[in-house]
Amino acid sequence: MYTLLHGLYKYLMQKDEYFILILGLDNAGKTTYLEAAKTKFTKNYKGMNPSKITTTVGLNIGKIDIAGVSFNFWDLGGQEELQSLWDKYYAESHAVIYIVDSSDRDRIPDSKETFDKVISSEHLTGVPLLVLANKQDVPDCMGVREVKPIFNQSAHLIGRRDCMVMPVSALNGDLNSSTQFVIGLALCTLGAIASPEMARDLASEVERLMKSPNAYIRKKAALCAFRIIRRVPELMEMFLPATRSLITEKNHGVLITGVTLITEMCENSVDTLNHFKKIVPNLVRILKNLILAGYSPEHDVSGVSDPFLQVKILRLLRILGRNDVDTSEAMNDILAQVATNTETTKNVGNTILYETVLSIMDIKSESGLRVLAVNILGRFLLNNDKNIRYVALNTLLKTVYMDTSAVQRHRSTILECLKDPDVSIRRRAMELSFALVNTNNIRNMMKELLLFLERADPEFKAQCSSNIVMSAERFAPNKRWHLETLFKVLVAAGNYVRDDVVACTIQLISETQPQQGYAVGALWRALEKDTSDKQPLAQVATWCIGEYGDLLLYGPPSEDAETPVNLTEDEIIDVYQRLLWSPQNTVVTKQYTLLSLTKLSTRFQKGHEKIRQIIDTFGSNLHIELQQRGIEFSQLFRKYDHLRPALLERMPPMETARPQANGIIGLVNGEPEPEDEKSTILESATTTSDSSALLDLLGTTDVGVTMPAATTNKNSSPSSTTAHNNDLLDLLGSLDLNTPTPVAPTLPLQPQSPSTPMFSPTNNSNFLVDGLLNTPSVQNELPNMMIFDKSGLKITFKLERPPDIPDLLVINMLAQNSGSTILTDFLFQAAVPRTFQLQMLSPSSTVIPPSGQVTQVLRVTNMNRASLRMRLRISYTGPTGPVLEQTEVNNFPVSTSQ
């Protein structure tokens with residue numbers, strides 16, 4: 001009876017029992033997996049330390065009871081010699097767990113081969129399979145997406161049985177440890193080395209731990225979530241509910257981690273940013289409590305309560321309040337309190353103030369608050385710490401366009417920073433000083449900046465001189481002051497002056513007739529001194545003396561007391577001779593000097609023979625350019641002496657040549673950009689004097705700018721013109737007079753004499769000398785087009801048709817910022833129908849400062865096939881955020897397609 005009852009009890013209370021094989025190559029982590037499973041599911045079981053687990057020889061057995069079911073695990077050794085014993089256990093197994101070492105890429109093919117042998121056994125037909133990609137915590141391991149396709153190749157052997165591939169790691173067990181420090185270590189490791197696949201699989205565990213009652217675990221879980229979101233942003237939504245609750249924490253460690261996590265979320269998602277705008281009052285309250293709280297030994301740093309948390313909250317407020325008036329209004333008061341109540345004698349307080357300034361400048365704050373922020377930066381400039389001064393200058397440079405008047409109050413302090421021994425501070429102070437220049441302070445600012453240029457290091461001189469020239473071009477009070485400034489730049493910057501400054505100075509002298517006497521006198525005094533380290537100055541001086549040398553000797557007395565009184569022609573020629581024979585002068589400077597000396601032969605009353613002798617010596621010069629000019633100019637003193645006065649007569653005023661600094665074209669003297677530029681008018685007549693014709697040919701060659709055509713001389717006869725032209729042909733070497741020259745088709749032209757094409761400015765083969773005397777071809781210019789004008793951004797098309805390429809249209813795009821804020825990330829895109837071909841060159845810049853410009857060249861070919869249409873897309877970042885505009889241009893002039 002007892003036996004019967006015992007058997008009945010045993011039958012009723014027995015558990016379902018299953019046997020599971022754990023297979024895989026050696027060192028795949030089979031035993032570690034078994035120990036982790038036993039630790040997790042067996043109460044009070046202390047697993048073996050993973051560092052003490054050795055290679056399995058034979059068999060490891062583990063038993064786990066879950067919900068009335070008993071699972072028996074057989075961990076079989078994976079060495080190749082022991083694999084022959086595996087089939088002895090197949091018949092009694094109910095499932096197979098096959099473990100793959102995903103960190104050992106070299107043995108993956110061996111593992112796949114072993115797997116195929118296992119599932120090919122007839123004893124395992126229909127047995128469920130679980131493939132585990134182990135060691136997912138090892139850097140550069142294979143994820144499930146890499147492992148699964150390899151084992152899917154055995155689908156024909158797997159058949160219809162259940163099969164799954166999953167990632168595993170020993171960390172998963174550590175996350176469920178009963179010790180908080182083990183959990184914390186696992187969370188730190190997961191955040192540091194987890195792959196995207198592993199992060200997706202364990203994100204739910206991390207989210208669970210963020211709700212743990214233990215503050216230490218919540219802090220570590222929030223930090224791990226922060227790193228997971230950086231690696232896998234799409235998991236952000238999973239952590240939102242738990243993250244919101246972190247703001248109400250009283251533990252400072254959890255709170256600062258929660259603020260950091262929210263900041264990362266808001267920076268990566270606009271929807272999340274809008275979601276967390278509701279917590280601004282909570283953040284304001286926390287920050288206010290930190291400011292008003294008394295001494296707290298746990299979180300105090302140099303007398304400031306928890307400065308790390310304050311900085312984190314200020315940064316989050318800046319992100320939440322950006323381009324949002326209502327949210328900004330809610331934080332204006334607390335920002336003012338932080339700015340006025342924070343101690344500034346310690347670096348800790350300066351750090352908080354710096355974050356406060358950034359927040360004030362980035363949100364829609366009140367004007368008074370912005371002035372307060374600029375004043376804080378002004379106090380930073382007086383700090384003894386050079387790092388703080390550099391930070392202040394860098395921040396002022398970013399905010400100067402937002403509130404220029406507030407920054408102007410600290411102009412004297414900024415100028416003092418130009419004398420700082422630190423090179424980085426001097427550079428930032430220089431850039432900020434140029435940003436502060438305007439019409440009212442141009443004289444004082446230029447005085448200080450010229451002193452800085454004189455003693456500046458060579459690395460500063462090029463940028464500083466270009467910016468001084470650009471500022472003088474925009475804000476010069478008068479022409480005399482403008483010329484004096486340019487001359488001082490040429491002297492102070494020496495050989496570091498850019499070439500466009502030389503052209504700009506020559507153009508200004510040419511168009512300023514009342515100041516030409518002063519200019520030639522001032523430049524002569526500079527030329528008398530040693531100019532070997534001032535080549536641009538020598539080039540401007542020789543050009544000016546060559547053009548206006550008669551004013552230097554025979555002109556009316558100058559108001560300048562330093563003008564030489566008893567200067568003679570021989571003294572000037574001696575200086576020129578010194579320049580020409582000096583080995584320290586460049587070839588370009590000698591070209592300027594040689595041409596200038598040739599011009600002086602028509603400006604001086606005597607001394608022609610001495611000039612001719614100097615020029616003759618260059619007929620055998622070793623440099624081919626100087627030799628060519630020496631031979632050609634020598635001919636003007638002999639066979640073609642009658643052409644010399646007409647050829648070398650004084651040039652008319654030149655067109656404006658505007659300097660550029662950092663790719664931005666400046667406006668001249670602060671004047672607005674003209675709406676339309678006048679097209680070049682080519683006038684022709686049946687008779688043209690040799691003087692006018694030669695001016696057409698060579699009148700603008702010194703500086704490479706286009707000069708209007710000379711007027712017709714009615715007293716010149718066709719016969720004399722033909723004779724003079726033939727003489728010039730002999731000089732140039734038998735050019736074809738009958739070759740037609742294309743001219744601008746925009747205006748009706750009168751009948752031309754046969755000699756006119758010879759002197760047409762559009763004829764590239766008409767040249768007397770190369771280099772300095774090279775006449776650029778004139779393109780057919782069309783009316784300008786205003787194609788976009790909105791929100792302070794104006795875009796203009798300047799159209800040109802090169803005469804030598806009939807089916808080409810060159811479009812010079814000019815984008816102007818008439819607003820008071822800087823425009824960044826400027827992108828201009830264009831599309832045309834398939835009939836045409838469009839080539840877009842790189843823009844001059846992607847940033848348009850206030851009153852600044854950006855240029856870009858577009859080349860459209862196949863213009864003769866149809867009327868041009870163009871669709872435009874314009875994007876940039878303005879004061880209100882990213883802006884995207886689209887427009888279409890259908891009104892191109894008819895002449896563009898002819």
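This is a predicted model: local features need pLDDT of at least 70, side-chain atom pairs count only at pLDDT 80 or more; totals for chains, interfaces and linings use all residues.
Q: Why does serine 471 count as buried?
A: Serine 471 has 8% relative accessibility. Buried means under 20%, so serine 471 counts as buried.

Q: Where is serine 471 placed, and what is in contact with it?
A: Serine 471 is in helix α23, residues 458–475. Leaving aside neighbours within four places in sequence, serine 471 is in contact with Phe434, Val437, Ile442, Met446 and Ala476.

Q: Why are α28 and α29 called roughly antiparallel?
A: The axes of α28 (residues 569–581) and α29 (residues 587–603) cross at roughly 155°. Angles over 145 degrees count as roughly antiparallel, and therefore α28 and α29 are roughly antiparallel to each other. Their axes come within 10 Å, and the crossing is left-handed.

Q: Which residues make the contact of α28 with α29?
A: From α28 come Ile572, Tyr576, Leu579 and Leu580, and from α29 come Lys590, Thr593, Leu594, Ser596, Leu597 and Leu600. By class, seven of these residues are nonpolar, two polar and one charged.

Q: What makes Phe239, Ile509 and Ile572 stand out in the largest nonpolar core?
A: Of the 166 residues in this core, Phe239, Ile509 and Ile572 touch the most other members. Helix α27 (residues 535–554) gives the largest share of the core, ten residues. Not counting residues up to four places away in sequence, isoleucine 509 touches Leu483, Phe487, Gln516, Ala519, Leu523, Val540, Trp543, Cys544 and Tyr548.

Key:
Residues are numbered from 1 along each chain as its sequence is written. Side-chain values use heavy atoms; hydrogens and water are left out. A nonpolar core is a set of buried Ala, Val, Leu, Ile, Met, Phe, Trp, Tyr and Cys residues joined through side-chain atoms within 4.5 Å. Buried means under 20% relative accessible area, exposed over 50%, partly exposed in between (1.4 Å probe, protein chains only). Helices (H or I, at least four residues) and strands (E, at least two) are DSSP runs, numbered from the N terminus. Contact means heavy atoms within 4.5 Å. Axes are lines fitted to C-alpha atoms, for helices over the stretch in contact, and angles run from 0 to 180 degrees between N-to-C directions. Angles under 35 degrees count as roughly parallel, over 145 as roughly antiparallel, 65 to 115 as roughly perpendicular and the rest as oblique. A crossing is left-handed if the near helix is turned anticlockwise from the far one by less than a right angle, and right-handed if clockwise. Ala, Val, Leu, Ile, Met, Phe, Trp, Tyr, Cys and Pro count as nonpolar, Asp, Glu, Lys and Arg as charged, and the others, Gly among them, as polar.
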